[in-house]
Amino acid sequence: MNYYSDVNDIYPYYQQALSYSLSGNKKEKVKVLSRVNNASSDSPYYSEAMYELGRAYMDIDNNAEAVKTFSTLQTATTDNVYAAKALIGQGMAYRNLKEYNAALEKYKAVIDMMPDSEYAEEALMAINSIYRTTNQPEKFLEYVQSNNLTVGKSAEEKESIYFNTAEQVYLAGSYERAVGSLTKYLNDYPKGEKRGDAWFYLADSYKNLSEKEKACAAFKQAATELKEGSFAETAAYNYAKISYDLQRYNDAYEGYCMLLDIAKMEENRNAALLGRMRSAYLAHNYDAAIAASHDLVVAGPSVAEGREASFIEARSLLATSRREEAYAIFRLLSKQPSTPEGAESYYMIVRDYCDSGEFAKLEEAVYDFGGKCGDQTYWLARCYIVLGDGFREQGNVAQARATWESIRDGYAPSGENDDIIDTVNQRIASL
């Protein structure tokens, strides 16, 4: 370089710059390579040196100069390979500067110029990364589809890219867009490796969009395809719970059975045992409700859940004409008259006294319950309505009217679904 100084003889200072780079002296690399700006673009090693200069500027975080250098190279070179590398370099520098639109423009230009090259593949991955960074992953799929591009070297890689893109949309909380991306993945890859996860994300997207029926169906599909693991467990739980909320009790029973089979978390196992019992009872599947109540008791429920299990068993036994077994449980529960199950059990006993014509026992039981019911005023009122029925059955219409009118005048409804006042008004009107 000293003896044969010629700015167009790029080879010696190009090699010296590479040596500085290998020794870790990045600033000297930039200084040496800066001479290439004065060289003719026809000179040997011009493209190589300009490209290295652009990379050197990026190494010292001078991305603005890197953009200028790569732009000069792109304009001056006649080698398409270095033109593509220059565009990729500009895209990298713009990404470092967070000028994402400019970076996308450069990467897309590479694909337009050399669509089937390794540089196009690199540019496509960069485009995907930028759209993820800017929380617009679905735009990558739109770009690929609108330009009939092929992503990934194999069918597996292509599927992975499509799924990962759809997943990013979901994780970004863009649930409406996630529905579209995930649905397309599921349609395009009917045997895809990630179908279970995709169904789970789709279901959760519907749930967040308050589309309960679609969420319910998708959670069922997710649980079926995943079979095990935390996603499967959560999917089964949501399928069961949403079905229950929608009053689809047969589906809820199926969901809770599914959850019980796969649940590893103790909390979910307890929810499955309790939900399965309630769903079976409300679906009028009384034999299943009885079996489920026994399973819950064996699992060691809380005191309140144990009472509920006994009550559901009793109601189910009564519904299947096993009257003696049912009333044996009602009598046990009625010893806790201040609890919801105990109060209703007391009412069932009172109702039975009336139906069987045991009016003395009926009257004694109602007055006894009045002193023990605590805050169970609804069931106390129901018992007094039955007492009035007993008076009428005995021909004591005046006493029946007085009983019902006392309820009408003194009872405070507990909510809009409270039927006590309507019931007593109908009784009074019937006289």
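Modeller: Happy to! One term before we start: buried means under 20% relative accessible area, and exposed means over 50%, with partly exposed in between. Also keep in mind that this is a predicted model.

Biologist: Okay, let me try that out. Is E308 buried or exposed?

Modeller: E308 is buried, because its relative accessible area is 17%, and the cut-off for buried is under 20%.

Biologist: And which side chain does E308 meet in a salt bridge?

Modeller: That would be R278, with 2.6 Å from N to O. The pair links distant parts of the chain, since E308 is in helix α17 (residues 303-319) and R278 is in helix α15, 30 residues apart. R278 is partly exposed, with a relative accessible area of 29%.

Biologist: What lets side chains pair like that?

Modeller: Side chains of opposite charge can pair when their charged atoms come close.

Biologist: How many salt bridges does the structure hold?

Modeller: There are 21 salt bridges. One of them joins E254 and K220, whose closest N and O atoms are 3.6 Å apart. That pair also links distant parts of the chain: E254 sits in helix α14 (residues 249-262) and K220 in helix α12 (residues 212-226), 34 residues apart. E254 counts as partly exposed at 32% relative accessibility, and K220 counts as partly exposed at 31%.

Biologist: What about R276, which residue is its salt-bridge partner?

Modeller: R276 pairs with D295, and their closest N and O atoms are 2.6 Å apart. Here helix α15 (residues 266-282) supplies R276 and helix α16 (residues 286-298) supplies D295, 19 residues apart and again linking distant parts of the chain. R276 is buried, with a relative accessible area of 12%, while D295 is partly exposed at 35%.

Biologist: Which residues are linked in a network of salt bridges?

Modeller: R351, D355, D389 and R427 are linked that way.

Biologist: Switching topic: what's in the largest nonpolar core?

Modeller: That core has 97 residues, and those with the most contacts inside it are I10, V36, Y107, I111, I127, F140 and F219. Apart from it lies another core of 36 residues, including F330, M348, V350 and V366.

Biologist: Let's zoom in on I111. Which residues is it in contact with?

Modeller: If we leave aside neighbours within four places in sequence, I111 is in contact with A120, A123, L124, I127, Y143 and L149.

Biologist: Now helices. Which residues of α22 are buried?

Modeller: A400, T403, W404 and I407 are buried in α22. They cover an arc of only 90 degrees around the axis, so they are on the same side of α22. The face turned away from that buried side carries the exposed residues A398, D409 and G410.

Biologist: What do the buried residues of α22 pack against?

Modeller: They pack against α21 (377-393) and α23 (420-430).

Biologist: Then which residues are buried in α23?

Modeller: In α23 the buried residues are I420, T423, V424 and I428. These cover an arc of only 135 degrees around the axis, which puts them on the same side of α23. Q426 and A429 are exposed on the other side of α23. The buried residues of α23 pack against α21 and α22.

Biologist: How many disulfides does the count come to?

Modeller: The count comes to zero disulfides. Take C373: the nearest cysteine sulfur, that of C383, is 8.6 Å away.

Biologist: Last one: what is the phi of D61?

Modeller: D61 has a positive phi of about 65 degrees although it is not a glycine. Most residues other than glycine have a negative phi. D61 is in the loop between α3 (46-59) and α4 (63-76), and D61 is exposed, with a relative accessible area of 63%. K98 also has a positive phi of about 65 degrees without being a glycine, and its place is in the loop between α5 (80-96) and α6 (100-113). K98 counts as exposed at 61% relative accessibility.

How values were computed:
Residues numbered from 1 in each chain as written. Predicted model: local features only at pLDDT ≥ 70, side-chain atom pairs only at ≥ 80, totals over all residues. Heavy atoms only, no water. Helix = DSSP H or I, 4+ residues; strand = E, 2+ residues; numbered from the N terminus. Buried < 20%, exposed > 50% of the residue type's maximum accessible area, 1.4 Å probe, protein only. Core = buried A, V, L, I, M, F, W, Y, C linked by side-chain atoms within 4.5 Å. Contact = heavy atoms within 4.5 Å. Arc of directions from axis to C-beta. Disulfide = S-S within 2.5 Å. Salt bridge = Lys/Arg side-chain N within 4 Å of Asp/Glu carboxyl O.
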